[in-house]
Amino acid sequence: MSNFPTPLEEVIHHNVIKNNKTGGPALAIGPMQLLWRALGENTGYTFSIYETTVVPGMGIPLHKHPFAEFFYVLEGTLAIGSWNSEGAAEWNVYESGESLVVQPNAPHTFFNKSEHPCRMLSVSTYHHERMMKDAVQPDGRTDFLPAQLSQADFVKLTKSMEKNQTFLVADHA
């Protein structure tokens with residue numbers, strides 16, 4: 001007699017998870033809204049997916065991390081910045097339906113330079129999800145960072161980023 005589980009026993013606790021239209025937990029970092037579409041706990045901690053709404057004039061500083069990231073623009077336009085061979089920021093505009101892959105350790109940034117909100121989907125390792133959770137509430141609460149970051153909030157965020165091997169390259173690009 002075998003001690004191995006039957007195929008049915010193997011899948012009982014590993015099944016398909018349907019997300020509704022409103023997605024999973026939401027998190028607001030100032031005016032930027034993140035809606036989790038796949039949490040690490042449901043992917044074996046291999047990846048996380050979140051939809052982000054980036055309002056006009058909002059973005060993130062130039063940073064890098066040792067894992068790849070994928071962006072897909074769902075609606076609107078988004079300017080993605082990277083370093084060129086001269087060490088200067090180079091901007092490319094991505095429109096609805098376009099996507100890009102950020103390779104590991106590639107410095108990158110994004111900003112909504114348009115007059116309309118932009119929605120994008122981001123796929124990355126579980127480190128992104130963990131970094132944001134650690135930065136805001138390590139105990140798992142969902143009342144995240146305030147709309148205006150204080151110096152203490154910014155220090156908390158950068159410490160969490162570094163813990164998860166994500167480093168700011170420049171304050172702005």
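**Exercise 1. How many helices and strands are there in the protein, and in what order do the elements run?**

Start with the count: the protein has 3 helices and 11 strands. Keep in mind that this is a predicted model. Next, walk from the N terminus, and you read α-β-β-β-β-β-β-β-β-β-β-α-α-β. Now look at how the chain packs: of the contacts with a separation of 6 or more, 67% are between residues 24 or more positions apart. Finally, check the surface: 36% of the 173 residues are buried, and the accessible surface comes to about 10,400 Å², with 57% of that belonging to carbon and sulfur atoms.

**Exercise 2. Find the salt bridges and work out which residues they join into one network.**

Step one is the search of the whole structure, which turns up 3 salt bridges.

Step two, take E51 and R37, whose side chains meet at 2.7 Å, N to O. This pair links distant parts of the chain, with E51 in strand 3 and R37 in strand 2, 14 residues apart.

Step three, stay on E51, which also meets R119 in a salt bridge, again given as 2.7 Å, N to O. E51 sits in strand 3 and R119 in strand 10 (residues 118-124), so this pair ties together parts 68 residues apart in sequence.

Step four, move to R119 and look for E75: their closest N and O atoms are 3.0 Å apart. Here E75 is in strand 5 (residues 69-75) and R119 in strand 10, 44 residues apart.

**Exercise 3. Are E51, R119 and E75 buried, exposed or partly exposed?**

The cut-off you need is that buried means under 20% relative accessible area and exposed means over 50%. E51 comes in at 10%, so E51 is buried. R119 has 26%, so R119 counts as partly exposed. E75, at 41%, is partly exposed as well.

**Exercise 4. Which residues of the largest nonpolar core touch the most other members, and which elements supply the core?**

First, the background: nonpolar side chains tend to be buried together in soluble globular proteins. Then the core itself: it holds 22 residues, and M32, L34, W36, L78, F110 and M132 touch the most other members. For the suppliers, at least two residues each come from strand 2, strand 3, strand 5, strand 6 (77-83), strand 8, strand 10 and helix 2 (126-136). Strand 2 gives the most, with 3 residues.

Last, zoom in on F110. Leaving out residues up to four places away in sequence, F110 touches, among others, M32, V54, M58, F71, L78, I80, W91 and M120.

**Exercise 5. Classify the W36–Y50 and F71–F110 ring pairs.**

By the ring-pair rule, there are 4 aromatic pairs, and you'll do two of them here. The cut-off to remember is that planes over 60 degrees apart count as edge-to-face.

For W36 and Y50, the ring centres are 4.9 Å apart and the planes sit at 65°, so the pair is edge-to-face. W36 lies in strand 2 and Y50 in strand 3, so the pair ties together parts 14 residues apart in sequence. W36 is buried at 4% relative accessible area, and Y50 is buried at 7%.

For F71 and F110, the centres are 5.8 Å apart and the planes are at 70°, so this pair is edge-to-face too. The pair links F71 in strand 5 with F110 in strand 9, 39 residues apart. F71 is buried at 2%, and F110 is buried at 6%.

Definitions and conventions: Residues are numbered from 1 along each chain as its sequence is written. This is a predicted model: local features need pLDDT of at least 70, side-chain atom pairs count only at pLDDT 80 or more; totals for chains, interfaces and linings use all residues. Side-chain values use heavy atoms; hydrogens and water are left out. A salt bridge is a side-chain nitrogen of Lys or Arg within 4 Å of a carboxyl oxygen of Asp or Glu. Helices (H or I, at least four residues) and strands (E, at least two) are DSSP runs, numbered from the N terminus. Buried means under 20% relative accessible area, exposed over 50%, partly exposed in between (1.4 Å probe, protein chains only). A nonpolar core is a set of buried Ala, Val, Leu, Ile, Met, Phe, Trp, Tyr and Cys residues joined through side-chain atoms within 4.5 Å. Contact means heavy atoms within 4.5 Å. Accessible areas come from the Shrake-Rupley method with a 1.4 Å probe; for residues, only the protein chains shown count as cover. Rings of Phe, Tyr and Trp (its six-membered ring) pair if their centres lie within 6.5 Å; planes under 30 degrees apart count as stacked, over 60 as edge-to-face and the rest as tilted.
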